[in-house]
Amino acid sequence: GIAGANYGTSGQVLTSGGAGAAVQWADAGGGAWEFLSSVSDPNTSTVDFTGLSTAYAAYKVHFNGCNINSNNTREMRCRIYLAGSLQTGNYYRHMMTYNGNGSNSTSGYGGAYSAISLSGAGDPSMGYNGELTFPMKLRTSGTDPSLQAFYGTCVSYSYGNTIRGFYEGSTSSLLTGIQFDSPDPYNITDGQFYLYGLKRS
């Protein structure tokens, strides 16, 4: 296969055949994060990842070096699409743990917000860096269907946030998209965004 006789197919991995046996190509097993798409230095008002489905067990967006209007002091936020519709109401409920630069103090707060805030106190110099994970729920009806949860981190020069929570109005709708923007409003001009999906099998 090294000489080009067999390179397998896209997404496959090499597996061991044991002692004395040749390696073989095989489909990747479940539980692996698969790269899906990316956006670099967008210079647009929103960065959207849409078309999400329950084919994946979860989605994750990794972001780094992201600035608003090339100004590190402006706020960046994240919102979700449910059943194809962007959710803007005050139904994002979360706790955010804030760790100050050079300090071991930790505080938390909860409440209802119009977006998942990726900002914190202080100057977010050198951009926003982190990741957010969205586990995909399967049930939208019946007894006690689950809420759409989210969790992750956001780190910059002067603060670090651990973010976790849920969208209160999501019991009967599935997650179909993720959006990043700024309430200021200015464009997201710098940085990279990478979307991954967690394979079910």
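These legends go with a set of close-up views of one predicted protein model.

A few ground rules: residues are numbered from 1 along each chain as its sequence is written, and side-chain values use heavy atoms, with hydrogens and water left out. In this predicted model, local features need pLDDT of at least 70 and side-chain atom pairs count only at pLDDT 80 or more, while totals for chains, interfaces and linings use all residues.

View 1. Strands (E, at least two residues) and helices (H or I, at least four) are DSSP runs, numbered from the N terminus. Of the 201 residues, 35% are buried; that label means under 20% relative accessible area, with exposed being over 50% and partly exposed in between (1.4 Å probe, protein chains only). Take the contacts (heavy atoms within 4.5 Å) between residues at least 6 apart in sequence, and 74% of them join residues at least 24 apart. The chain exposes about 10000 Å², with carbon and sulfur atoms supplying 49% of that; areas come from the Shrake-Rupley method with a 1.4 Å probe, and for residues only the protein chains shown count as cover.

**View 2. Asp181 with Arg77 and Arg79, linked in a network of salt bridges.** A salt bridge here is a side-chain nitrogen of Lys or Arg within 4 Å of a carboxyl oxygen of Asp or Glu. Asp181 meets Arg77 at 2.7 Å, N to O.

**View 3. Glu168 and Arg93, paired in a salt bridge.** The N to O distance is 3.2 Å. Glu168 lies in the loop between β14 (159-167) and β15, and Arg93 in strand β8 (residues 92-100), so the bridge ties together parts 75 residues apart in sequence. Both ends are partly exposed: Glu168 at 34% relative accessibility, Arg93 at 31%. The structure's salt bridge count comes to 3.

**View 4. Cysteines in a model with 0 disulfides.** A disulfide is called when two cysteine sulfur atoms lie within 2.5 Å. For Cys66, the nearest cysteine sulfur belongs to Cys154, 8.5 Å away, and Cys66 is in no disulfide. Cys66 is buried, with 0% relative accessible area. Cys78 is buried as well, also at 0%.
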